[in-house]
Amino acid sequence: MRRLAALLLLAAPLPATAQTVEEQSIDQLRAAMTSGTSSEAITRAYLARIAAMDRAGPSLRAVIAVNPDAIAEAQASDARRKAKKLLGPLDGVPILIKDNIETKDPVATTAGSLALEDNRTGRDAPVVALLRAQGAVILGKTNLSEWANIRSTKAMSGWSAVGGLVRNPYALDRTACGSSSGTGAGIAASFAAAGLGTETDGSVVCPSSMNGLVGLKPTLGLVSRTYVVPISHSQDTPGPMARSVRDAAILFSAMVGSDPADPATANANQYRKDYAAGLSTNGLKGVRIAVYRPDMPALEAVKFDAALAVLKAQGAILIDVTRPKTEGMGDAEFDVLKFELKSDLDKYLAASAPAVKARTLDQVVAFDTANAATEMPYFAQEIFDMAAKSQGIAEPTYQGQRDKSLAAAKGAIDKMLADAGATILVQPTYGPAWLSDPVYGDQYTGPSSSELPAISGYPNLTVPMGLVRGLPVGISFIGPAYSEQALFNAGYAYEQASRARVAPRYLPSVDAGLEVEAAK
């Protein structure tokens with residue numbers, strides 16, 4: 001209730017002279033501020049929109065908490081603009097942050113769990129500090145699949161004990177996917193200009209694809225993971241989510257940087273650049289692209305074929321490839337995630353806010369058991385149980401399983417690219433969103449682009465390719481390590497030629513009125 005009251009207090013009526021924020025790009029917001037609209041007015045407009053739609057209206061439940069300091073941050077940006085001392089291209093632009101990434105604002109970082117509802121650390125994750133250094137307004141924290149979807153094998157994506165169930169703005173009875181479900185639904189609904197998600201395997205690209213967004217799972221080691229509630233140091237990374245390729249590139253440009261506390265980022269500073277500067281509609285001309293066509297339903301195959309036709313029309317050279325077999329890779333990855341979860345989460349919890357009582361994974365398991373009515377009303381904690389009983393990365397099989405999964409994933413992508421003589425691999429990101437189901441959990445069995453890039457640490461950019469039966473689907477652009485610029489270039493050229501993204505309509509269900517004939 002305190003968070004909701006703060007939201008209503010901050011969302012004062014929008015001045016009549018201020019423009020709407022719905023479907024506004026970062027460039028449009030910057031132009032508005034240059035023309036005299038204040039960051040404060042824009043920030044209040046977003047807060048008013050959240051107040052009207054997140055717990056009221058379609059009740060998306062995408063935002064766990066708004067930042068009580070957001071208005072003050074916007075006012076500070078307005079003062080800098082007046083003094084002609086802007087910090088960077090994000091100055092005054094409101095951004096949403098997934099609630100497993102710490103911010104120094106007076107809101108908890110909960111990962112969706114009541115065990116962390118007092119986790120107010122007073123510190124910014126380095127990735128958030130980089131956004132602040134450019135003047136971004138931290139608008140609030142987004143809901144997510146609790147513990148980033150690692151607690152149970154039968155989880156319902158988008159649900160957390162703190163935030164409830166995130167609803168997909170295209171069809172409210174469908175999943176927003178996870179674990180960055182709140183960022184996905186919130187940015188699709190224009191609750192902010194853009195936002196941060198995190199991915200271990202699919203948690204940026206799935207909610208981006210199913211909410212009609214552009215999302216980048218970056219090369220592992222370009223973005224710091226310090227003060228991000230962890231699953232796996234081998235696969236975790238924050239990533240940008242936005243309504244356009246250019247907005248995602250602008251946000252990503254501010255996120256890249258070395259962090260002494262995260263050894264994986266040792267070389268990141270050499271990749272700091274403006275990834276949006278060179279975007280061009282000619283970004284596909286002469287580019288060789290490997291095409292992987294997984295088994296998928298006919299309507300989705302038609303949509304993917306149409307996307308490929310756009311790539312070809314823009315000058316890309318398409319070569320079909322076969323995905324190499326990767327026996328045992330998934331099981332090896334699961335072992336790695338369990339073992340690293342035990343070690344990495346224990347380390348994080350030990351350094352969390354003093355008010356947090358659960359200081360180890362074992363204590364989180366005990367907390368969930370003691371609070372089962374609120375923490376486990378729909379699904380249990382089988383993965384937590386397995387991880388807690390392990391020795392973490394001290395398990396004798398740990399390194400072998402990591403080596404196995406890494407070699408298989410890198411080898412598969414490298415071979416597909418080599419077979420085609422290509423620099424980019426494309427495939428459908430995911431199929432359409434499934435129905436949210438509190439009884440059986442997630443029921444998706446369609447194509448997924450996330451596994452190989454997630455395990456290998458390679459980048460994966462998903463871009464909207466339109467609607468299938470009213471639900472968004474995306475196309476993935478995948479490349480070797482540090483190929484983000486090439487992926488942005490290709491994704492931008494495809495986006496500008498296809499204009500495939502459709503804004504959400506907040507329908508109760510896309511199945512309403514669907515005729516299904518009975519057998520006769």
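Which residues are buried in H16? I'll start there, and please keep in mind that this is a predicted model.

The buried residues of H16 are Glu 484, Gln 485, Leu 487, Phe 488, Ala 490, Gly 491, Tyr 492, Ala 493, Tyr 494 and Glu 495. The helix itself covers residues 484–498, which makes 15 residues. From first C-alpha to last it reaches 21 Å, close to the 21 Å expected at 1.5 Å a residue. What do those buried residues pack against? There are two helices on the list, H8 (245–255) and H9 (298–313). The strands are S7 (214–217), S11 (424–428), S12 (460–468) and S13 (471–478).

Tyr 482 has a positive phi of about 65°, although it is not a glycine. Its relative accessibility is 35%, so Tyr 482 counts as partly exposed. Just after H16, Arg 499 also takes a positive phi, of about 45°. There is another case elsewhere in the chain: Lys 84, again not a glycine, has a positive phi of about 60°. Lys 84 lies in the loop between helix H4 (70–82) and S2, and it counts as exposed because its relative accessibility is 76%.

Next, the core. The largest nonpolar core has 97 residues. Which of them touch the most other members? Two come from the H16 list, Phe 488 and Tyr 494. A separate second core has 22 residues, including Ala 115, Ala 148, Ala 353 and Val 364.

Not counting residues up to four places away in sequence, Tyr 494 touches Leu 284, Ala 307, Val 310, Leu 311, Val 463, Pro 464, Met 465, Ile 475, Phe 477 and Ala 500.

On to the cysteines. How many disulfides does the structure hold? One. Cys 177 and Cys 206 form it, with their sulfur atoms 1.8 Å apart. The pair links distant parts of the chain, 29 residues apart. Cys 177 is in the loop between strand S5 (164–165) and helix H6 (181–188), while Cys 206 is in helix H7 (residues 205–210). Both cysteines, Cys 177 and Cys 206, are buried. Is the disulfide right-handed or left-handed? The torsion about the S-S bond is about 100°, so the disulfide is right-handed.

The loop between S5 and H6 also holds Ser 179. The peptide bond from Gly 178 to Ser 179 is cis, with omega near 5°.

Asp 99 lies between strand S2 (94–98) and helix H5 (126–133). Asp 99 counts as buried because its relative accessibility is 0%. Beyond four places in sequence, its contacts are Ile 64, Ala 108, Thr 109, Thr 110, Ala 111, Lys 141, Thr 142 and Leu 144.

Asp 262 is in the loop between H8 and strand S9 (288–292). Is Asp 262 buried or exposed? At 6% relative accessibility, Asp 262 counts as buried. Its side chain and that of Arg 225 are joined by a polar contact of 2.6 Å. Leaving aside neighbours within four places, Asp 262 is in contact with Val 223, Ser 224, Arg 225 and Thr 226.

Asp 201 sits in the loop between strand S6 (194–199) and H7. With a relative accessibility of 25%, Asp 201 counts as partly exposed. Asp 201 and Ser 449 are 248 residues apart in sequence, but 9.5 Å apart in space, C-alpha to C-alpha. With Ser 450, the Asp 201 side chain makes a side-chain polar contact of 2.6 Å. Apart from neighbours within four places in sequence, Asp 201 is in contact with Gln 235, Glu 333, Ser 450, Glu 451 and Ala 454.

Last, confidence. The chain averages a pLDDT of 95, and 95% of the residues score at least 70. Over residues 1–18 the pLDDT is below 50, and that stretch has 27 contacts in the model beyond near neighbours in sequence. For residues 515–520 the pLDDT stays under 50 as well, with zero contacts beyond four places in sequence.

Notes:
Residues numbered from 1 in each chain as written. Predicted model: local features only at pLDDT ≥ 70, side-chain atom pairs only at ≥ 80, totals over all residues. Heavy atoms only, no water. Helix = DSSP H or I, 4+ residues; strand = E, 2+ residues; numbered from the N terminus. Expected span 1.5 Å × (residues − 1). Buried < 20%, exposed > 50% of the residue type's maximum accessible area, 1.4 Å probe, protein only. Contact = heavy atoms within 4.5 Å. Disulfide = S-S within 2.5 Å. Core = buried A, V, L, I, M, F, W, Y, C linked by side-chain atoms within 4.5 Å. Polar contact = N/O pair within 3.5 Å; in protein donor to acceptor, adjacent residues only side chain to side chain. pLDDT = per-residue confidence, 0-100.
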